[in-house]
Amino acid sequence: MSAANNRTSNLMVRADRPSFLASGLGVALFSSAVFGLSGSFAKALLETGWSPGAAVTARLTGAALILAVPAVPALHGRWHQLRDNWLTILLFGLVGVAACQLFYFNAVARLSVGVALLLEYLAPVIIVLWLWAASRKRPRVLTLAGTLLSLAGLVLVLDFTGSVKIDLVGVLWGMAAAVCLAIYFVITAKENDSLPPIVLASGGLLVGAAIMWLAAATGLLPMAFSTADTRLGPWVTPWWVALAGLVILATVLAYVAGIVAARALGSKVASFVSLTEVLFAVVWAWLLLGELPGAIQLLGGALIVGGVILVRLDELRSPADVPPGGTGEARKPASPLEHANDVEPVP
């Protein structure tokens, strides 16, 4: 009798256990996979004559309009939340969306997708170095080790002694994207739960699109579009296929899946899983563009990702200090890296 009960109990556990794809981890990996498509879709458009500014503007405009559909009901008529958080939305749209993405697409135009994204993912290292210089306090051993590991990886990714010389201007664009990402982490380090993530994502994309259109109207941003066919892997497709993939897959679905994953796993765990975006971006670029970094660059990429993981692990392992005197609230995060965001910047 007990054996039968055990079998029944085991069957119920297996039935109640969510499938991998429905789990938070599965959704987080899906988000990273579709976010990783952005560089490949963008480069397919850039190679037919689109300017980086035009690709960014089209992406932000389309995604903002689509995400506005679920964002409006999410407010439940509480429009004052937009007024109360206007600065957060503005900074997210300006730095985390428009500038970060424009710089990344400019890097993609001159570098391989994998190298451009690896440069952008040096943002946590930039934060560590900035905090070190500002406070004159040496980071903890694990953070220092992760920073040095990532910097060593950067040297290998740039591959100065390789037969193929890397584009210096492209590197500067990639590093500019990393700086924007670091600034975004700093300005959003304060916990803010009053604004639904889908509203922040939609609002940031709308602000980013408005900024891009304004820059184009004033002549500050070159805008060039093309209706030539694009090539994605073995297929030659109309231009709108790559654009639809950039808007719907690499932005709308990626954002929604990322928000769902952050709620299921917690934003900090989800931020760790998001590091797999680099791996997905390299694989997609290989399959769709025929791009594959050299062995030295792949090794450097592994060092960069490993270093970033060490830095984040060191931030998470710090116990919440209790103020002298016994009871009290846990300390606030000492570093922008200790706070992960439900809404990540657009890569």
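## Overall fold

The protein chain has a secondary structure of 15 helices and 2 strands, where helices (H or I, at least four residues) and strands (E, at least two) are DSSP runs numbered from the N terminus. The model is predicted, with local features needing pLDDT of at least 70 and side-chain atom pairs counting only at pLDDT 80 or more, while totals for chains, interfaces and linings use all residues. Residues are numbered from 1 along each chain as its sequence is written, and side-chain values use heavy atoms, with hydrogens and water left out.

Of the 347 residues of the protein chain, 49% count as buried, that is, under 20% relative accessible area with a 1.4 Å probe, protein chains only.

## Helices α3 and α6

The axes of α3 (residues 38–46) and α6 (residues 86–110) come within 10 Å and cross at roughly 65°; such axes are lines fitted to C-alpha atoms over the stretch in contact, with angles running from 0 to 180 degrees between N-to-C directions. In α3, the residues S38, G39, A42, K43 and L46 meet Y104, F105, V108 and A109 of α6, contact meaning heavy atoms within 4.5 Å.

## Nonpolar cores

The largest nonpolar core has 83 residues, and W50, Y104, L119, L205 and Y255 have the most contacts inside it; a core is a set of buried Ala, Val, Leu, Ile, Met, Phe, Trp, Tyr and Cys residues joined through side-chain atoms within 4.5 Å. Its largest share, 12 residues, comes from α6. Apart from this core lies another, of 5 residues, among them V27, A28, A257 and A261.

Technical notes: Buried < 20%, exposed > 50% of the residue type's maximum accessible area, 1.4 Å probe, protein only.
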